[in-house]
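Subject: The structure I promised, with notes

Hi,

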Amino acid sequence: MLENLAIGFAAAGTPTNLLFIAIGTVIGLWIGVLPGLGATAAMAILIPFTFTMEPLAALLMLASISVAGAFGGSITSILLNIPGDASSAATAYDGYPMAQQGRARVAMGLSTGASLFAGIVGVMLLAGLSEPIAKAALTFGPAEYFALGMLGIAIVAAASAGNTVKGLIMGALGLSVSFVGLDSVLGFPRFTYGSIYLEAGIGFVPVTIGLFAITEVMFLITQGGTISRAGRLEGSLWEGFIGTLRYPLVLLQSTSIGALIGIIPGVGATAANFLAYSAAQTISKTPERFGKGAPEGVIAPEASNNSCIPTSFIPALTLGIPGGASAAILLVAVTIHGLRPGALLFQSNPELVYGFFSGLLIGTVMAAILCIAMIPLFAMITVIRIEILAPLLIVVSLAGAYAASQSLADVFVAIAFGIIGYIARRRSYPVICLVLGLILGDLIEKSFHQALMISGRDYTIFLTRPMSAVILGLAVALVVWPGFKRRVAQKGED
Amino acid sequence: MVARGARAEVTIALGLAAVFAVVVGTALGYPRDARLFPVIIGTGGLVLSLALAILALMGRNVAAAGTTPDMASEEAGAGPARFALAVLAAPVFGLLLWLVGFWIATAVAVYAIPWLMGYRHRLKLLLLALGTIAAHVVTFPLLLKVPLPVGELGEWFLHAFVYAR
């Protein structure tokens with residue numbers, strides 16, 4: 001692994017790549033600081049800018065946004081009790097009380113220290129575990145790939161607490177959108193209604209920009225005012241930064257929880273954030289301090305979400321199944337650059353893969369340094385009025401949607417999906433399932449047909465191949481389990 | 001009597017059911033291999049959407065489907081005009097993009113949206129519009145070599161007055 005990382009450092013350490021890592025880190029930190037504007041939206045906006053870039057530089061810039069976004073997301077959680085990103089929500093539980101007690105600097109130091117440690121561990125795990133998982137993926141046949149695709153959608157749907165059915169519906173909608181265009185098996189035009197534009201299919205880029213960026217702008221306009229209601233920023237980070245090491249058990253436990261959740265496709269850093277917080281409270285000898293400014297209450301969620309992000313790239317790179325929204329967008333970028341995720345990527349492009357891992361490591365350290373130095377500046381944008389911010393975001397997003405294939409139709413697709421995303425989010429339909437369905441649609445359908453061809457149209461192939469049966473069983477269990485548990489609990493109450 | 005939240009829930013679920021019905025109905029006219037997967041997924045989506053609509057009519061699952069507290073506070077603070085602006089800003093910008101091109105559409109959006117939201121500093125808005133246009137000129141046509149659309153009217157103008165010469 002170290003030898004491969006050395007190759008990676010050589011590839012990632014070129015001035016151009018370092019520049020793009022730095023750009024991604026700055027953007028990620030900036031966007032992470034903005035409540036409501038997650039790193040995912042920034043990645044979606046910037047995808048079109050990566051078209052003309054080298055694949056490694058493009059992936060590093062996008063991944064650095066995601067990594068740095070998690071760093072920045074905690075800042076407003078602590079200072080304003082407003083999570084910069086959903087994955088930093090639990091950080092506010094103890095970070096904000098610390099700020100109220102005049103210990104905002106300490107809280108931000110704890111957050112940065114925990115994020116740096118967990119980010120580095122996460123990247124090391126990504127580098128160490130990706131290849132074995134990728135090799136295991138080589139033994140998978142079409143039936144297993146079909147099952148994995150379905151599992152990805154099932155996990156995300158099941159993780160949408162209380163909205164599993166809605167998640168499945170959105171997944172089916174995403175798959176339906178992926179059917180538009182030439183059929184991948186026969187080349188037959190489907191759902192094109194005579195339109196040449198639709199024959200090429202509906203692209204990931206306008207859909208992603210619509211669902212994340214345009215939807216976000218709509219919410220911001222409705223909200224009005226400024227992003228930040230407070231507006232004063234203060235704090236030196238060092239006391240907390242070093243203080244992180246006083247809680248090694250919480251740090252290790254939370255990092256492990258985040259890393260494990262990241263590997264499971266679709267669960268994401270938000271779940272890791274809350275789970276690690278609960279686990280830290282459980283093992284604490286003084287759990288009553290939680291919620292009142294306990295340092296462990298800041299370390300746990302921040303360590304978990306920062307170790308979760310790098311490991312969420314493992315299923316994306318090795319199996320083509322994104323571990324979360326950021327990984328889904330990274331997967332879009334990988335596909336756009338003509339690369340196919342999977343074991344072959346590691347064999348045919350080792351410099352790219354290990355350059356990506358090494359670049360992430362550099363990005364994590366860079367994010368911590370920038371975090372310490374520049375947070376007060378970044379936070380200034382939270383006092384810019386939404387009246388100013390909203391039109392700028394619309395212009396940048398839709399210019400990006402147009403630039404992707406220089407098609408005005410893409411702009412209207414982005415707007416349409418922005419409206420769909422707005423309605424979906426208001427009614428708690430998880431839009432990530434739609435994106436996942438769209439991304440995985442081609443893989444799922446192609447694998448489905450290939451498996452049927454191999455079996456002579458025998459549908460039992462999905463159940464007679466052990467691995468496929470296990471994965472599909474897991475997918476069904478994930479979907480059915482919450483409802484079953486609820487029913488049992490209801491019966492118990494009766 | 002169906003509650004307001006449930007009514008919205010039923011409407012959306014039925015809308016989704018209609019989309020899946022179209023998927024199935026259209027796919028049935030395709031060759032066997034091309035229609036197989038869309039029919040399976042469309043039928044699954046149709047069944048789930050109808051089930052969701054029925055559950056909402058029965059008054060179940062609406063709590064899980066409701067808006068989050070953040071959204072509720074947004075709704076409370078936003079009047080119909082602000083809501084309309086949130087929903088229409090991007091589509092109107094898209095229409096302007098098609099009609100008058102990127103540069104004019106951007107200038108209008110950067111000036112008009114803040115104005116409609118109650119921000120009245122004319123000079124600042126003018127500078128912001130010019131700055132946004134300048135940043136996009138540098139980024140797209142100059143750096144990325146991607147020309148941005150000039151719009152139907154812009155095309156007509158160019159053909160009538162520039163190319164004609």
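Predicted model: local features only at pLDDT ≥ 70, side-chain atom pairs only at ≥ 80, totals over all residues.

**Chain A overall**

Chain A is built from 22 helices and two strands. It has 494 residues, and 62% of them count as buried. If you take the contacts in chain A between residues at least 6 apart in sequence, 79% join residues at least 24 apart. The accessible surface of chain A comes to about 17,600 Å², and carbon and sulfur atoms account for 67% of that surface.

**Aromatic pairs**

Counting over all chains, there are 19 aromatic pairs in the structure. One of them is A:Phe146 with A:Phe448: the ring centres are 5.3 Å apart and the planes sit at 45 degrees, so this pair is tilted. What makes it worth a look is where the partners come from in the chain. A:Phe146 belongs to helix H7 (residues 142-159) and A:Phe448 to helix H20 (residues 431-454), so the pair links parts of chain A that are 302 residues apart.

A:Phe219 and A:Tyr422 make another tilted pair, with 4.8 Å from centre to centre and 50 degrees between the planes. This pair also links distant parts of the chain: A:Phe219 is in helix H10 (residues 204-223), A:Tyr422 is in helix H19 (residues 408-426), and 203 residues separate them in chain A. Relative accessibility is 4% for A:Phe219, which counts as buried, and 3% for A:Tyr422, which counts as buried as well.

Now back to A:Phe146 and A:Phe448 for a moment. Both belong to one aromatic cluster, together with A:Phe179, A:Tyr459, A:Phe462 and B:Phe37. Note that the cluster has members from chain A and chain B.

**Charges over rings**

There are two of these to show you. A:Lys166 lies over the face of A:Tyr429, at 4.7 Å from the ring centre. In chain B, the charged end of B:Arg120 sits over the ring of B:Trp115, 4.4 Å from its centre.

Start with A:Asn306, which is in helix H14 (residues 296-319) of chain A. At 3% relative accessibility, A:Asn306 counts as buried, because the cut-off for buried is under 20%. Which side chain does the side chain of A:Asn306 make a polar contact with? That partner is A:Asn305, at 2.7 Å. Leaving out neighbours within four places in sequence, A:Asn306 is in contact with A:Val67, A:Ala70, A:Phe71, A:Ser115, A:Ala118 and A:Gly119.

Then try A:Ala90, found in the loop between helix H4 (55-80) and helix H5 (91-100) of chain A. Although it is in a loop, A:Ala90 is buried, with a relative accessible area of 0%. Not counting residues up to four places away in sequence, A:Ala90 touches A:Asn273, A:Phe274, A:Tyr277, A:Gly297 and A:Pro301. As for A:Pro350, it is 260 residues from A:Ala90 in sequence, and 37 Å lies between the two in space, C-alpha to C-alpha.

Cheers

Technical notes. Residues numbered from 1 in each chain as written. Chains lettered and ligands numbered in written order. Heavy atoms only, no water. Phe/Tyr/Trp six-rings, centres within 6.5 Å; stacked < 30°, edge-to-face > 60°. Helix = DSSP H or I, 4+ residues; strand = E, 2+ residues; numbered from the N terminus. Buried < 20%, exposed > 50% of the residue type's maximum accessible area, 1.4 Å probe, protein only. Lys NZ or Arg CZ within 6 Å of the ring centre and 35° of its normal. Contact = heavy atoms within 4.5 Å. Areas by Shrake-Rupley, 256 points an atom, 1.4 Å probe, with all protein chains shown as cover. Polar contact = N/O pair within 3.5 Å; in protein donor to acceptor, adjacent residues only side chain to side chain.
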